[in-house]
Amino acid sequence: MKDPRDIIIRPIITEKGTESIAKGEYAFEVATFANKPQIKKAVEELFKVHTINVNTITVKGKKRGIGRFKGKRKNWKKAIVTLREGDSIPLFEGV
């Protein structure tokens, strides 16, 4: 298995995401190759919590252009992790 820090790239802190923290749901940007069991194991190892459910979404990159030059942002993967009741991730506590 890959190192957990290679799978979990960064936390996603948005207004909608902070509201879902009360329900025990946390959002992360994850590597595009990662599957649900790998994400679950990485979150449990990094933050010492117990996960109940993992939902993943592949976010398509937007088309961008400056003048005559066209391009596209990269696709990325988002994971929404539901934790066991009573568990929390201290990284999100001050948000």
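This is a predicted model: local features need pLDDT of at least 70, side-chain atom pairs count only at pLDDT 80 or more; totals for chains, interfaces and linings use all residues.
**Entry 1: terms and overview**

I counted the elements next. The protein chain has three helices and six strands. From the N terminus on, they run α-β-α-β-α-β-β-β-β. The C-alpha atoms fill a box of roughly 55 × 30 × 20 Å along the principal axes. The chain has 95 residues, and 31% of them are buried.

**Entry 2: Ser-20**

Is Ser-20 buried or exposed? Its relative accessibility is 14%, and buried means under 20%, so Ser-20 counts as buried. I then followed the side chain. It reaches the backbone oxygen of Gly-17 at 2.8 Å.

**Entry 3: the sheet**

I traced the strands that pair. Four of them form an open sheet in the order S1-S2-S6-S3, with antiparallel pairing. S1 and S3 stand at the edges with a single partner strand each, so one side of each has no neighbour in the sheet.

I went through the pairs. S2 and S6 run antiparallel and are joined by six bridges. Which residue of S6 is the bridge partner of Tyr-26? I found Val-81 there. For Glu-29, the bridge partner in S6 is Lys-78.

On to S3 and S6. This pair is antiparallel too, and eight bridges join it. I looked across from Thr-56 and found Ala-79 of S6 standing opposite.

**Entry 4: Thr-82**

I stayed in strand S6 for Thr-82. Its relative accessible area is 16%, which makes Thr-82 buried, since the limit is under 20%. What does Thr-82 touch, leaving out residues up to four places away in sequence? I listed Gly-24, Glu-25, Thr-51, Ile-52 and Asn-53.

**Entry 5: helix H3**

I turned to H3, residues 36-47. This helix has 12 residues. From its first C-alpha to its last it reaches 16 Å, close to the 16 Å expected at 1.5 Å a residue.

I checked the start of H3. A side-chain oxygen of Asn-35 comes to within 3.1 Å of the backbone nitrogen of Gln-38.

Which residues of H3 are buried? I noted Ile-39, Ala-42 and Val-43. They cover an arc of only 100 degrees around the axis, which puts them on the same side of H3.

I asked what the buried residues of H3 pack against. The partners are helix H1 (4-7) and strands S1 (8-11), S2 (25-30), S3 (51-59) and S6 (76-83).

Ala-42 and Ala-27 lie 15 residues apart in sequence and 13 Å apart in space, C-alpha to C-alpha.

**Entry 6: after H3**

I looked at what follows H3 and found Lys-48. Lys-48 sits in the loop between H3 and S3. Its phi is positive, about 55 degrees, although Lys-48 is not a glycine. Is Lys-48 buried or exposed? With a relative accessible area of 69%, Lys-48 is exposed, because exposed means over 50%.

**Entry 7: helix and sheet together**

I went back to the sheet, whose strands S1-S2-S6-S3 stand in that order. H3 packs on the sheet and touches S1, S2, S3 and S6. The direction of H3 makes about 120 degrees with that of S3.

Note on methods. Residues are numbered from 1 along each chain as its sequence is written. Side-chain values use heavy atoms; hydrogens and water are left out. Helices (H or I, at least four residues) and strands (E, at least two) are DSSP runs, numbered from the N terminus. The expected span of a helix is 1.5 Å times one less than its number of residues. Buried means under 20% relative accessible area, exposed over 50%, partly exposed in between (1.4 Å probe, protein chains only). The arc is that of the directions from the helix axis to the C-beta atoms. Contact means heavy atoms within 4.5 Å. A polar contact is a pair of N or O atoms within 3.5 Å; within protein, one must be able to donate a hydrogen and the other to accept it, and residues adjacent in sequence count only if both atoms are side-chain atoms. Two strands pair if DSSP finds at least two bridges between them. Axes are lines fitted to C-alpha atoms, for helices over the stretch in contact, and angles run from 0 to 180 degrees between N-to-C directions.
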